[in-house]
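Got your sequence and structure open? Let's work through a few exercises together, one step at a time.

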Amino acid sequence: MPGVVAKEKHQLITYLYWVFWISVAFFSVYPSANWLTDHRDELFQLYLPFELSIPFVPQFIWVYLSMYLLFLMPAFVLAPTDMPRLGKQLIAGTLISGVLFLLLPASLGFTRALPDTAPYDSIFSTIFSIDRPHNLVPSLHVVFSSCIMLAIAERSRGWISGLLMLWLAAIIGSTLLVHQHHVLDVASGLALTIILRAYYRGGPCSDE
């Protein structure tokens, strides 16, 4: 029993260590890039006209927000030796995305409108008030969700792994259905995830 408690304590400490540094990276980069872009005169429209016909489905906000549950799961699923690799992926993904946000200052093509029904009107009102529609390419929502979910799926088996992939697909789809992102944002987020996972799996910073 003491050995189990010590192992769980080490797992929690490692988890909190990486959560701290990921938070430092995110809250340093994301709001700053959004604020800077919000004060720029020229913005790119990085979407195709057909994308504007994607329906707005406010109920998918629950799926969209379920990404935040993913941040808790590594503490229970991943071993301490897995966490540095995932932590480096998320920190590098944040920094790379921040650079791209500044190089490709974008504007959201969808018109931001509040739903007519509760609680969706208050949920979207809160989102609109704290998140300007500029940090689009790549979608950090996709990068974070994909990196975390794929790391967890590696430690899962059978139908659980398949269920996790369905959840991931739903989160990715939700970014379009709640009109927070465009197709290029999603595609570039997935591409960045692939690069990050390839580098931090077999590159010089890998823990394997």
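Predicted model: local features only at pLDDT ≥ 70, side-chain atom pairs only at ≥ 80, totals over all residues.

**Exercise 1. Work out how helix 5 and helix 7 are oriented to each other, and what kinds of residues make their contact.**

Step 1: Start with how packing is described. Two packed helices are described by the angle between their axes and the distance between the axes.

Step 2: Get those values. Helix 5 covers residues 83-103 and helix 7 covers residues 140-154; they pack at about 165°, with axes 10 Å apart.

Step 3: Compare with the cut-off. Angles over 145 degrees count as roughly antiparallel, so helix 5 and helix 7 are roughly antiparallel to each other. Helix 5 passes helix 7 in a right-handed crossing.

Step 4: List who meets whom. Leu-86, Gln-89, Leu-90, Gly-93, Thr-94, Ser-97 and Phe-101 of helix 5 meet Leu-140, Val-143, Phe-144, Cys-147, Ile-148 and Ala-151 of helix 7.

Step 5: Sort them by class. The contact of helix 5 with helix 7 has nine nonpolar residues, four polar ones and no charged ones.

**Exercise 2. Decide how the rings of Tyr-30 and Phe-101 are arranged, and whether each residue is buried or exposed.**

Step 1: Pick the right values. A pair of aromatic rings is described by the distance of the centres and the angle of the planes.

Step 2: Apply that. The ring centres of Tyr-30 and Phe-101 are 6.2 Å apart and the planes sit at 90°, so this pair is edge-to-face.

Step 3: Tyr-30 is in helix 1 and Phe-101 in helix 5, 71 residues apart, so the pair links distant parts of the chain.

Step 4: Check burial, where the cut-off is under 20%. Tyr-30, at 16% relative accessibility, counts as buried, and Phe-101 is buried with 1%.

Step 5: Zoom out. Ring pairs join Tyr-30 and Phe-101 with Phe-26, Phe-27, Tyr-68, Phe-71 and Phe-144 in a cluster. The structure holds twelve aromatic pairs.

**Exercise 3. Find where Pro-55 lies and what it touches.**

Step 1: Locate Pro-55. This residue lies in the loop between helix 1 (2-38) and helix 2 (61-65).

Step 2: Judge its surface. Pro-55 has 48% relative accessibility, so it counts as partly exposed.

Step 3: Look for partners beyond four places away in sequence. Pro-55 touches Leu-176, Leu-177 and His-179. The C-alpha atoms of Pro-55 and Val-178 are 8.3 Å apart, though 123 residues separate them along the chain.

**Exercise 4. Is His-182 buried or exposed, and which residues does it touch?**

Step 1: Locate His-182. It's in the loop between helix 8 (158-177) and helix 9 (183-202).

Step 2: His-182 has a relative value of 1%, so it is buried.

Step 3: List its contacts, skipping residues up to four places away in sequence. His-182 touches Leu-46, Tyr-47, Glu-51, Leu-52, Leu-108, Gly-109, Phe-110 and Leu-176.

Note on methods
Residues numbered from 1 in each chain as written. Heavy atoms only, no water. Axes fitted to C-alpha atoms, helices over the stretch in contact; angles between N-to-C directions. Helix = DSSP H or I, 4+ residues; strand = E, 2+ residues; numbered from the N terminus. Parallel < 35°, antiparallel > 145°, perpendicular 65-115°, else oblique. Left-handed = near helix turned anticlockwise from the far one by under 90°. Contact = heavy atoms within 4.5 Å. Nonpolar A, V, L, I, M, F, W, Y, C, P; charged D, E, K, R; others polar. Buried < 20%, exposed > 50% of the residue type's maximum accessible area, 1.4 Å probe, protein only. Phe/Tyr/Trp six-rings, centres within 6.5 Å; stacked < 30°, edge-to-face > 60°.
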